[in-house]
Amino acid sequence: MGCYDTLLSPQVASFAFGAHGMLIGGRWQSAQSSKTIDVFDPATGRKFTEVPAGDAADVDLAVRAARRAFADGPWATMPAAERGRLIWQLADRIEELVDEFAQLESLDNGKPVQQAKAVDVPEAVARFRYMAGWAGKINGETVGLSQRGEYHAYTLRRPIGVVGQIIPWNFPLVMAAYKLAPALAAGCTIILKPAEQTPMTALRLGHLMAEVGFPDGVLNIVTGYGETAGAALAAHGDVDKIAFTGSTEVGKAIARAATQNLKQVSLELGGKSPVIVFPDADLDRAIPGAAAAIFFNQGQTCTAGSRLFAHRTVYEKLVEGIHSEIGKMVMGPGLEAGTTLGPLISAEHLDRVNGYIEIGRREGATIVSGTLPRPRGGYFVNPTIIVGAAPDMRVSREEIFGPVLCVTAFDDDELDAIAMKANATEFGLAASLWTRDLSTAHRMAARIDAGTVWINTHNHFDPALAFGGMKQSGWGRESGFHAVELYSSVKAVLAPLN
Ligand code: ADP
C-alpha cells in the first residue's frame, strides 16, 4: 500500500488491496501456474496488490469458455434488444460508481483523479451507451443484383465469434470500453487482456458485468504479460478476431501471430501527431490547446500532439505561451485533489522518456524543461519542450509517449509544402489545425495523412465518429458503425426466383 491510501474510499481500498482472480467462464480464479504479477502505484513506486500472471494455459481455458458461451447458452439466443439493455445497464452502473472508478484508475495508472472523473469514466459510459443503441440495429441489406434474371439476394450480418482484445495502460477503462462495447453489441464473446501495469478497472468491470446479468463466459479476463498471455491470445487457433491497442512494434507482432489461423485483426497503434498553427490562428485558443494536446495524460496518449509546427510569425508567442501553460500545472500524485499532471506509468517508462530527452540534447536540439516542483518518489517527469529539433532527429520521428513536445517553425505559405512536412512520418493517427480561415482548414484537412484531423481542437473523441490510423498507426476504425463492422461478418444469401 502507498501513502495516498487514505485518499481512497473504503470501497475502493477494499477492492484494490484485496485478492484478485482472473475471470474465466464466470469464475474468478488464479493462474494455472499460480504465478502473480505485482501491481504498483505510479505515484509512490510501491506495490499495492497482485493479480494472476495468466499465460497460454489460462488463455486456452478462457477461449474455451468464450466459445461455449458463443455457441450455446443464454447469450447465443438472447434477443439483440436484450443485449442492448444489458450494455445500457452496465453504463448506468459505471456512471453511478464514477467516484469509485476514478479513484481506482488514478491509483492504478497515476492519472489525476479529477481527469479520470471528468474524462475517462464519462467517455467509457458514453461508449457503452452509444453501442447499446446499435445492438438491435445491426442488419444486412437486400441487394438488387447487377446481372439479368430474377433473384432474391440479401446479406446477413452476424457476430464474428470469439474475440481477443488486448489493451494498453494509458486509458485502461476507456480502452476496455472501446473494445468491449461494440463486441458486446454485435453479440461476440470476449477474452480481454488488460495491460499488466493497469488491470484494476477491467477487473472491476468484470464484477459489474456479472452483477447486471451478462451470462457467464461472455466476458473473460486474463490478466498477464504481453509476451505470454497476449501472444497466446493473438496466436490462438480458436479466436476469430483479435483487436489491439498499443505500440506499433507489438501491433506488427500481433498481425504476424494472427496469420496462423487468419483471424481478423484490428490495430490502433502509435502516433507522432502534428499540431499546425497558422499565422491567423486564435492564439488564446491555440496555446492552451497545443499544451493540452501534448501534456494531457502526461503525454501518454496515442494521439498526443507531439510535433508542433508553428508559422514563423506566431512561433515565439506560441513557445512562450506553452511554457507559461506548463507553469500553471500542478504535478503530483493523481489521487491528491488539485493535481493536474500525474506520474508516468512505470519506472521503465520514466527511463525511456528521460532517455529521449537526453537523446534530443545529444542530437543538438535545445531542451526547455518546465520547473515544476517534483514530488518525492513516484515516476514523475517535468513537461518538456524540445526546440529546434530537425525532422530527421529521433525525437522528431519516434513516439516518446511522454510530456515531450518538439517544436519547429515553418515559413511556407503553400499548404502542400506544410503538409509534406507534417506528413513526413511513418505514423498517421491524428493531427490538429489551428486557423480562423475555413478554406485553409478544410483544404489542409484533405492534405493530412491521418485518421483524424481536428480543427481548432485536439483530442476530442466521440463514440459516433470514426477513429483509427493510417499508415503504421493501424488497421480499422473504432467508433460508429465501423466498430460494429469490426466485430461482425457478412453472409450473402442468393436465390433464383424462377
Ligand atoms: P506499451 O509499450 O505502451 O506498454 P505495448 O504495445 O507493449 O505498449 O502494450 C500494449 C498491450 O499489449 C499490453 O496489454 C501488453 O501486455 C500487450 N503486449 C505486449 N507485448 C505483446 C505481444 N508480444 N503479444 C501480444 N500482446 C502484447
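Reply: On one side of helix H16, Leu-438 and Ala-446 are exposed, where exposed means over 50% relative accessible area, buried under 20%, and partly exposed in between, for a 1.4 Å probe and protein chains only. Helices here are DSSP runs of H or I with at least four residues, strands are runs of E with at least two, and both are numbered from the N terminus. The model is predicted, so local features need pLDDT of at least 70, side-chain atom pairs count only at pLDDT 80 or more, and totals for chains, interfaces and linings use all residues. Residues are numbered from 1 along each chain as its sequence is written, and side-chain values use heavy atoms, with hydrogens and water left out.

H16 covers residues 438-447, and its buried residues are Thr-440, Ala-441 and Met-444. Viewed down the axis of H16, the buried residues fall within an arc of 100°, so they line one face of the helix; the arc is that of the directions from the helix axis to the C-beta atoms.

The loop between H15 and strand E16 (427-428) holds Asn-423. With a relative accessibility of 17%, Asn-423 counts as buried. Apart from neighbours within four places in sequence, Asn-423 is in contact with Arg-447, Ile-448, Asp-449 and Lys-471; Arg-447 falls within the residue range of H16.

Most residues other than glycine have a negative phi. Phe-401, in the loop between helix H14 (394-397) and strand E15 (404-410), has a positive phi of about 60° although it is not a glycine. Leu-262, in the loop between helix H10 (248-258) and strand E10 (264-268), has a positive phi of about 55°. Phe-401 counts as buried at 17% relative accessibility, whereas Leu-262 is exposed at 67%.

As for the whole chain, the secondary structure comprises 17 helices and 21 strands. Of its 498 residues, 58% count as buried. Among contacts with a separation of 6 or more, 74% join residues 24 or more positions apart. The C-alpha trace spans about 70 × 65 × 40 Å along its principal axes.

Conventions:
Contact means heavy atoms within 4.5 Å.
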